[in-house]
Amino acid sequence: MGSTIFATVGAQMGFDRLISAVDAWAKQHPETTVFAQIGPGSYEPRSMEWTRLLEPAAFRMRVETADALVGHAGMGTIITALQHAKPVLIMPRRGDRQETRNDHQVATADRFGSKPGVLVAMDEGDIARKLDTILSADRPDPLGNTASTQLVETIRRFIHSAGADAASVRPPSDSTETDP
Amino acid sequence: MAKKPRVLAIASGGGHWVQLLRVAPAFEGCDTCFVTVRRSYREDIPFGRFRTIVDATRWNKIKLARMALKIALIVLLERPDVVISTGAAPGYFAFRVARLLGARTIWLDSIANAEVLSMTGKMVEPYADLWLTQWEHLATPSGPSYGGSVI
């Protein structure tokens, strides 16, 4: 029985550059089962099974049964992969191609690409080479289901502090105005 | 505090929602209502109530207006003591209404924003009582502050 790869680009926007590159790889690798959630993308895969949107339970089942994930460099995808200790290949959406509003996914890919089990393809030309290696990549260290203790405590303390104490939690603001 | 604090935890879908769920242990023991954009996310919540709003980006003004109205209604019904959001637009609208009603607000900017704060994250500054980034290098003395991350 061959390996299974689950490709996902989130629900809100398609990501044809990624999906078509994964589809091309799937055509060359019939021994690997690839399934894709393509969102509202316009490219419809020919060499792999796909759907537009999975509900959470079905999505979780796809993640659990996959040997590796490939997706856009969104935090939902990355956190899900880490929680399930699955190797993940991420490719950032680009702001200048209207794939998302700015290049924040490029920054995310830079920051998370150094973690064990997280591979980065900066563009579609890099997808095939990285997919060739992902099934033998190290699994990431499993991530628990909750935020850092520090963050949970920061929030909990604020919630339970009386309104008058709120100012002491937040540093005083100055007159710097950078908002649009 | 005599009664349980009422918490409204609100986020749009995908990574925003995943991050909100990861801080949910901070609302344990509170009277919590989760608000998001997909009905099927109901099965994700560990406790509390669940309400949905229409999904919208800032490119669709009509949907955005519908979202804002529904959020205003939810805030009026829920009367939270604290509103927390991981983004994006739903948090902004909830903060604006909640502040008028005297609630306190927590903005947790998404960990996706590693180089600059999100656009909404900047917009909420005047309405955020606790204004958090998840990256230490983005924290400044005048805010946002760093108080840990979802990872």
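How many residues does the contact take from chain A and from chain B? The contact takes 39 residues from chain A and 42 residues from chain B; two residues are in contact if their C-beta atoms, placed from the backbone, lie within 7 Å. This is a predicted model, in which local features need pLDDT of at least 70 and side-chain atom pairs count only at pLDDT 80 or more, while totals for chains, interfaces and linings use all residues. Residues are numbered from 1 along each chain as its sequence is written, and chains are lettered from A and ligands numbered from 1 in the order in which they are written.

**Confidence**
- Chain A has a mean pLDDT of 90, with 89% of its residues at 70 or more; pLDDT is the predictor's confidence in each residue, from 0 to 100.
- Residues 164-168 of chain A stay under 50, and the model has three contacts for them beyond four places in sequence.
- Residues 171-180 of chain A are also below 50 in pLDDT. This stretch has 12 contacts in the model beyond near neighbours in sequence.
- Where pLDDT is low, the predicted coordinates should not be read in detail.

**Chain A fold**
- Chain A holds seven helices and six strands. Helices (H or I, at least four residues) and strands (E, at least two) are DSSP runs, numbered from the N terminus.
- From the N terminus on, the order is β-α-β-β-α-β-α-β-α-β-α-α-α.
- Six strands of chain A form an open sheet with parallel pairing, in the order E3-E2-E1-E4-E5-E6. Two strands pair if DSSP finds at least two bridges between them.
- Strands E3 (49-51) and E6 (118-120) of chain A are at the edges; each has a single partner strand, so one side of each lacks a neighbour in the sheet.
- On average, neighbouring strands of this sheet are turned by 20° against each other, direction ignored. Axes are lines fitted to C-alpha atoms, for helices over the stretch in contact, and angles run from 0 to 180 degrees between N-to-C directions.
- Strands E1 (residues 4-8) and E4 (residues 68-72) of chain A pair in the parallel sense over four bridges. A:Ile5 has A:Ala68 as its bridge partner in E4(A).
- Helix H1 (residues 16-28) of chain A packs on the sheet and touches E1, E2, E4 and E5 of chain A. The direction of H1 makes about 165° with that of E2(A).

**Side of chain A that touches chain B**
- H2 (56-65), H3 (75-83), H4 (104-112), H6 (149-160) and H7 (166-169) of chain A each supply at least two residues.
- H6(A) gives the most, with nine residues.
- The residues of this side divide into 16 nonpolar, 17 polar and six charged. Ala, Val, Leu, Ile, Met, Phe, Trp, Tyr, Cys and Pro count as nonpolar, Asp, Glu, Lys and Arg as charged, and the others, Gly among them, as polar.
- A:Ile155 touches B:Val23, B:Ala26, B:Ile84 and B:Ile106, not counting residues up to four places away in sequence.

**Burial and chain B**
- Of the 180 residues of chain A, 38% count as buried. A residue is buried if 20 or more other C-beta atoms, placed from the backbone, lie within 10 Å of its own.
- Strand E4 (residues 82-87) of chain B has six of its six residues buried.
- E4(B) pairs in the parallel sense with strand E1 (residues 6-11) of chain B over five bridges, and B:Ile84 in E4(B) is the bridge partner of B:Ala9.

Conventions. A residue is buried if 20 or more other C-beta atoms lie within 10 Å of its own, exposed if 12 or fewer, and partly exposed in between; C-beta atoms are placed from the backbone.
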